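Open the model in your viewer and keep the selection tool at hand. Each stop below names what to select and what is there.

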Amino acid sequence: MKLFSDSVNPHKNLLPYNGTVNYYGRIVPNSKLLFYYEKLLNTIEWKNDEAVIFGKHIITKRKVAWYGDRSFEYTYSNTTKKALPWTEELLELKQLAEKESGETYNSCLLNLYHNGSEGMAWHSDGEKDLKKNGAIASMSFGAERKFAFKHKESKETVALWLENGSLLVMKGVTQTYWLHRLPPTTKVSEPRINLTFRTIVE
Ligand SMILES: O=C(O)CCC(=O)C(=O)O
Ligand SMILES: [Fe+2]
């Protein structure tokens, strides 16, 4: 008897060195996928993301939102955001991510990609407000999209598909040594919602 399929083994580290990434596959029950997708689309306070890059004020097509235990202030891409209080569904999903990953989180950054033309460029999530080497749990709803890692020195890459209702966890020194991105694609026309649960230091 096989306990795990070869493709989805949450105990397997997807990175060859310098960090740990585990893919748990689809952890949200099928019967609840549409419920969460629609609730998140309709109840989250989505806003176009603003950033200051090379002194230029940029507004992205992708929408974002930020929620947390308290009204934390969080700075990234040279802009400061204030966390909103958890919604009922976000709290349920946070608890699910905590149960599966065996870690705890106190905030969540949400991204809404309307279609494949929207993505996220190479970056790492090692901002100073985040707990150093803290786990980041990434949950996805809607369109399946490719996700990739690239080592900052060797340039080695690792890629996988993030399925509807799936969980990916990045931990340890991953953010120090690896970049990640959500590549744009012409093949996807449906929206995708991503939740990254994180720990902000107080
Ligand atoms: O949408 C994703 O899967 C990744 C989002 C991400 O990397 C981030 O919010 O920092
Ligand atoms: Fe990220």
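Select Gly 116. Is Gly 116 buried or exposed? Gly 116 counts as buried because 20 C-beta neighbours lie inside 10 Å. By the rule used here, a residue is buried if 20 or more other C-beta atoms lie within 10 Å of its own, exposed if 12 or fewer, and partly exposed in between, with C-beta atoms placed from the backbone. Gly 116 sits in the loop between strand 7 and strand 8 (120–123). Helices (H or I, at least four residues) and strands (E, at least two) are DSSP runs, numbered from the N terminus.

Now show what Gly 116 touches. Leaving aside neighbours within four places in sequence, its contacts are Pro 184, Thr 185, Thr 186, Lys 187, Val 188 and Ser 189. Contact means that the C-beta atoms of two residues, placed from the backbone, lie within 7 Å. Draw a distance to Ile 193 as well: the C-alpha atoms of Gly 116 and Ile 193 are separated by 12 Å, and the two residues are 77 apart along the chain.

A word on what is on screen. This is a predicted model, in which local features need pLDDT of at least 70 and side-chain atom pairs count only at pLDDT 80 or more, while totals for chains, interfaces and linings use all residues. Residues are numbered from 1 along each chain as its sequence is written, and chains are lettered from A and ligands numbered from 1 in the order in which they are written.

Colour by pLDDT, the predictor's confidence in each residue, from 0 to 100. The chain has a mean of 93, and 96% of its residues reach 70 or more. For the complex, the predictor gives an ipTM of 0.99 and a pTM of 0.93.

**The ligand**

Select ligand 1 and the residues around it. They are Leu 109, Asn 111, Met 120, Asp 125, Ser 138, Phe 147, Leu 162, His 180, Leu 182, Asn 194 and Thr 196. A residue is near a molecule if its C-beta atom, placed from the backbone, lies within 6 Å of it. Strand 7 (107–113), strand 13 (178–182) and strand 14 (192–198) are the elements that give two or more residues to this shell. Colour the shell by type: 5 residues are nonpolar, 5 polar and 1 charged. Here Ala, Val, Leu, Ile, Met, Phe, Trp, Tyr, Cys and Pro count as nonpolar, Asp, Glu, Lys and Arg as charged, and the others, Gly among them, as polar.

Next, select residues 104–201. An unreviewed UniProt entry places the feature "domain: Fe2OG dioxygenase" there. UniProt annotations may be inferred rather than shown by experiment. Over this stretch the chain is 4% helix and 50% strand, and the end C-alpha atoms are 13 Å apart.

**Trp 66**

Go to Trp 66, in strand 3 (residues 56–68). Trp 66 counts as buried because it has 21 C-beta neighbours inside 10 Å. Not counting residues up to four places away in sequence, Trp 66 touches Tyr 74, Lys 81, Ala 83, Leu 84, Ser 107 and Leu 109. Trp 66 and Leu 84 are 6.3 Å apart, C-alpha to C-alpha, and 18 residues apart in sequence. Leu 109 also belongs to the residues around ligand 1.

**Loops**

Select Asn 133, in the loop between strand 8 and strand 9 (136–142). Its phi is near 60°, a positive value in a residue other than glycine. Most residues other than glycine have a negative phi. Asn 133 is partly exposed, with 14 C-beta neighbours inside 10 Å.

From Asn 133, step to Gly 172. Asn 133 is one of its contacts, along with Gly 19 and Thr 20, neighbours within four places in sequence left aside. Gly 172 lies in the loop between strand 12 (166–171) and helix 3 (174–177).

Then find Lys 155, in the loop between strand 10 (145–151) and strand 11 (157–162). Phi is positive here too, near 70°. Lys 155 counts as exposed because 8 C-beta neighbours lie inside 10 Å.

**The whole chain**

Zoom out. The chain has 3 helices and 14 strands. Of its 202 residues, 29% count as buried.
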